[in-house]
Amino acid sequence: TNETMAAFNSWALCCVFVGVARATPTVWPQPASMTVGTATRPLAAGFGVFCDGSSEDRDIMSLAFKRYERIFFPHGPPSSTTRRGLARLVVALDEKSASAQYPSYGMDESYKVTITNSTNSSIHLAASTVWGALRGLETISQLISFDFETETYAIAAPVVIEDAPRFSHRGLLIDSGRHFEPVPTVLQLLDGMAYAKLNVLHWHLTEDQSFPMPSAAFPELPGQGAYDATERYSATDIKTVVDHARVRGIRVIPEFDMPGHTSSWRFSHPEIFAAGCLDEASRGAFDPAENATFELLESIFAEWFALFPDAWVHLGSDEVPSTCWNNTKDLAWMAAQGLATFDEVFGYFVNRIVDVATGDKFKKSNVMLWDEAFSSGTPDPSKAVIQIWHAGDTLPSGCKDAGFDFVLSAPWYLDHLATNWTSMYAQDVPDGAVGGEGCMWGETVDPSDLEATVWPRLAAVAERLWSPADVVDVAAAEPRIRTFRCLLLARGVRSGLVDTADGRMPPPGPGACDQ
């Protein structure tokens, strides 16, 4: 529309990515359907964008075009001598599709890219939603090459790509509790995730070791629980991350682990901990026998949930030191409640806290829980999504049979440095899963090596979760993941090596970007 063209006219040069010139362009993750011809078409000087959609959608697309301008033209804009060729990108959003301010589970990320070999002067990108349009922009960015001899840009033609993800939940877990991850580090990770069409940042924010999460109501929690006065987040920091993710079509799901992995809370609020584990040498666990526990959690949820608009929240529930409840007071409470075992106490806590999060006050649609909540607790399948981190076939089939949606992570622990990208690529996703996550736990990683440990192995996870189930050939994927590593490096992402027996190794010697 004329209105939209005027909005984007301030950036007339757009929507081409420069990569290493190649005869057959590749796209990572591999699209569901892709037909690419052997010819190319030049991109004309003054290449422009036309886009329709709601004002909210246009705002997100405008920001996307500005981002991709810096990626698309690292060698300068198309030459002024290039007058004939593709002159514009036409982005068509489905007018019947309601605009959405935030990405969400189940969002439509489908898109279609069409480039003809005729005299048509446009690249066409069609999508039902702005989220699909963002994925299509990324695909287009990987189809462009730059000729250093002629200093011209070209795109493969003809091209017809019809694409949509296999799973709606495709994520990366990062851990700011064991090593603090500064906001610029998190924002850089989000950029890389968008290049791989990942759409969930699972942010593990509280741990035994530290408490970097802000609280105006309980400032003593980060004040006494953070590693130091600088390694903590402000509310503005959280909003910055959520907004950065939003305009890239990425959800941010916070994790506040409980009732275990909570020792850092104990420095300021020992009253909510079971008496059996108040010693600093022991790992703590919240005391479900104390109403004060749930009163504090409900108060702090009011703050935290306002910072994270996603309909899902993760409340941990793994590796609980249940022996903390083996004390006179809690045993008497258990008897009064008719709870015979510590597993039943754990189930009581899980159900009560899930009900708080999904109830009328907070109205979260789903609470994610680690698989101990399924194995040892009794959550409601209509309110809980199980994240599977223990290996084996029993948990996936058991969750499915019990009616739970589940997210797979067991084969994709990025902190397992000996697990290479080929092993991660070879893992399929069992029936009943709604998606999966690569997990970058923070015991042995910090901002100095985070990206190099995550990439390119996370790219293997991304393709497994996006591409069709029959895209499984490691040999066919190898040259494409090498190209994708080059793309990451060219865009400033500090990817590790493809050829490595360890998750983070230095280059073995001089070589190209596809090592």
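The side chains of Asp287 and Lys329 form a polar contact of 2.8 Å, a polar contact being a pair of N or O atoms within 3.5 Å; within protein, one must be able to donate a hydrogen and the other to accept it, and residues adjacent in sequence count only if both atoms are side-chain atoms. The model is predicted: local features need pLDDT of at least 70, side-chain atom pairs count only at pLDDT 80 or more, and totals for chains, interfaces and linings use all residues. Residues are numbered from 1 along each chain as its sequence is written, and side-chain values use heavy atoms, with hydrogens and water left out.

Asp287 is found in the loop between S9 and H7; helices (H or I, at least four residues) and strands (E, at least two) are DSSP runs, numbered from the N terminus. With a relative accessible area of 0%, Asp287 is buried, where buried means under 20% relative accessible area, exposed over 50%, and partly exposed in between (1.4 Å probe, protein chains only). Leaving aside neighbours within four places in sequence, Asp287 is in contact with Ile272, Phe273, Ala274, Thr293, Trp325, Lys329 and Asp330; contact means heavy atoms within 4.5 Å.

Helix H8 spans residues 328–337, and its residues Asp330, Trp333 and Met334 are buried. These residues lie on the same side of H8 because they cover an arc of only 105° around the axis, the arc being that of the directions from the helix axis to the C-beta atoms. An α-helix has 3.6 residues a turn, so residues three or four places apart point the same way. Thr328, Ala335 and Ala336 are exposed on the other side of H8. The cover over the buried residues of H8 includes H9.

Both ends of H8 have a local feature. At the start of H8, a side-chain oxygen of Asn327 comes within 3.2 Å of the backbone nitrogen of Lys329. Just after H8, Gly338 has a positive phi of about 75°.

**Packing of H7 and H9**

Two packed helices are described by the angle between their axes and the distance between the axes. For helix H7 (residues 291–307) and helix H9 (residues 342–358), the angle is about 35° and the axes are 11 Å apart. Axes are lines fitted to C-alpha atoms, for helices over the stretch in contact, and angles run from 0 to 180 degrees between N-to-C directions. The crossing of H7 past H9 is right-handed; a crossing is left-handed if the near helix is turned anticlockwise from the far one by less than a right angle, and right-handed if clockwise.

From H7, Asn291, Thr293, Phe294, Leu297, Glu298, Phe301 and Phe305 take part, meeting Tyr348, Phe349, Arg352, Ile353, Val356 and Ala357 of H9. Nine nonpolar, two polar and two charged residues make up the contact of H7 with H9. In this classification Ala, Val, Leu, Ile, Met, Phe, Trp, Tyr, Cys and Pro count as nonpolar, Asp, Glu, Lys and Arg as charged, and the others, Gly among them, as polar.

**Backbone geometry**

Most residues other than glycine have a negative phi, and most peptide bonds are trans. The table lists departures from this pattern.

| Site | Feature | Value |
|---|---|---|
| Ala157 to Pro158 | cis peptide bond | omega near -10° |
| Met258 to Pro259 | cis peptide bond | omega near 0° |
| Ser317 | positive phi | phi near 85° |
| Glu319 | positive phi | phi about 50° |

Pro158 lies in strand S6 (residues 152–163), whereas Pro259 is in the loop between strand S9 (251–258) and H7. Ser317 is in the loop between strand S10 (312–316) and H8, and Glu319 also lies in the loop between S10 and H8. Ser317 is buried, at a relative accessible area of 1%, while Glu319 is partly exposed at 38%.

Glu207 is placed in the loop between strand S8 (200–206) and helix H5 (220–225). Its relative accessibility of 1% makes Glu207 buried. The side chains of Glu207 and Arg178 are joined by a polar contact of 3.0 Å. Beyond neighbours within four places in sequence, Glu207 is in contact with residues including Asp175, Asp257 and His261.

Lys239, in helix H6 (residues 235–246), is partly exposed with a relative accessible area of 46%. Gly392 lies in the loop between strand S12 (384–388) and helix H11 (394–401) and is partly exposed at 47% relative accessibility. Gly392 and Pro411 are 19 residues apart in sequence, with a C-alpha to C-alpha distance of 9.6 Å.
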